[in-house]
Amino acid sequence: MAESIRKFIESRRPRWEKLETTIQSIERGRLSASELIGLTRLYREATADLARLQTFQNQESLEDDLKTYLNHLVARAYSQIYRSSPPRMASLWRFLRSGFPATFRETLLWTLLASGLFTLGLAYGFITAISDTSFVALIVPPQLIQQVEGGTVWFDSILAVKPLASSLILTNNISVSFLAFAMGMTFGLGTLYLMVFNGLMVGTLAGLCYIHGLSIPFWSFVLPHGVIELTAIFIAGGAGFLLGGALLFPGDLPRKDALLKRARQAGRLILGCVPLLVIAGIVEAFFSPIHVDPGLKFGMAGILLALLLCYLLLPKAKGALFASRPGSAP
């Protein structure tokens with residue numbers, strides 16, 4: 001038994017030494033591509049070797065020392081392989097800071113298409129609602145119509161259940177956004193329907209409130225969160241149209257390759273929408289329904305819209321400012 005253990009150790013020791021050298025390279029910040037590829041394999045092999053040594057019983061202290069050495073080596077390798085949280089968080093921050101806005105600007109025309117279709121639906125719903133009251137019943141639930149006709153608004157109830165409302169609103173908004181994105185695979189037809197129909201709903205509600213003198217309460221509720229929420233939905237719709245455009249107009253690429261290329265951009269867009277929808281859901285549940293002067297709400301909507309546009313359209317404004325200072329390098 002002792003001879004077989006000795007031969008096993010002699011045969012495996014070069015692998016352990018190689019693993020130790022690789023770990024030292026990582027700790028010093030100098031790691032070649034080949035060492036990086038082999039790190040996980042060496043770690044698995046060392047773990048298996050340690051398990052095998054631990055099955056031997058009543059061996060000399062040399063083997064105890066060896067098991068201690070291997071334990072330490074495996075622990076060091078584990079800490080290097082699975083210390084990925086900080087880099088991932090750093091990558092996520094870089095994406096939200098610059099990657100998402102850059103992708104938004106690259107695909108702005110698709111987002112404008114989605115917002116244009118929504119606006120068409122909104123305009124049609126508003127004009128039709130104020131000219132034909134029977135149309136409202138086709139779009140708006142009866143209980144909402146009864147509340148508005150009675151001179152009250154439906155969103156006052158949100159104040160009583162803020163945390164629950166925030167959760168439900170967030171879930172609904174994310175579902176709508178992801179659906180608008182996924183429906184791009186229907187050659188964009190599903191995304192088109194969602195954009196127009198959601199605009200139609202908002203326009204019809206706006207027309208109903210206008211008829212009964214509730215336009216200010218309605219818009220002072222919608223706009224504070226809507227400037228963020230609707231922008232995120234437009235971006236998600238643009239991501240859906242991006243997929244549909246790849247299917248309809250692949251260009252020189254095979255349709256599959258065109259779809260894969262566009263899917264990367266669309267995926268970045270929909271991922272960037274998530275924090276926007278989180279913010280919108282919080283504002284909708286905790287600020288939009290509160291009873292304050294409507295001017296304050298409209299002012300808040302303007303501030304949020306300005307901040308959002310600066311984030312999406314002017315991510316390099318700070319760098320340009322520093323570069324333009326006197327004495328700075330051209």
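Q: Which residues does Ile-130 touch, not counting residues up to four places away in sequence?
A: This is a predicted model. Ile-130 lies in helix α5, residues 108-131. Leaving out residues up to four places away in sequence, its contacts are Gly-207, Tyr-210 and Ile-211.

Q: Is Ile-130 buried, partly exposed or exposed?
A: Buried means under 20% relative accessible area, and exposed means over 50%. Ile-130 has 37% relative accessibility, so the residue counts as partly exposed.

Q: What distance separates the C-alpha atoms of Ile-130 and Ala-206?
A: Along the chain, these two residues are 76 residues apart.

Q: Where does Phe-187 lie, and what is its phi near?
A: Phe-187 lies in the loop between α8 (162-182) and α9. Most residues other than glycine have a negative phi. Phe-187 has a positive value, near 60°.

Q: Which residues form a nonpolar patch on the surface?
A: Leu-189 is exposed because its relative accessibility is 60%. Phe-187, at 44%, counts as partly exposed. Both belong to a patch with about 460 Å² of accessible area together. Its members are Phe-187, Leu-189, Leu-248 and Phe-249.

Conventions:
Residues are numbered from 1 along each chain as its sequence is written. This is a predicted model: local features need pLDDT of at least 70, side-chain atom pairs count only at pLDDT 80 or more; totals for chains, interfaces and linings use all residues. Side-chain values use heavy atoms; hydrogens and water are left out. Patches are made of residues with over 30% relative accessible area and no salt bridge: like charges are joined within 9 Å, nonpolar side chains (Val, Leu, Ile, Met, Phe, Trp, Tyr) within 5 Å. Accessible areas come from the Shrake-Rupley method with a 1.4 Å probe; for residues, only the protein chains shown count as cover. A salt bridge is a side-chain nitrogen of Lys or Arg within 4 Å of a carboxyl oxygen of Asp or Glu. Buried means under 20% relative accessible area, exposed over 50%, partly exposed in between (1.4 Å probe, protein chains only). Helices (H or I, at least four residues) and strands (E, at least two) are DSSP runs, numbered from the N terminus. Contact means heavy atoms within 4.5 Å.
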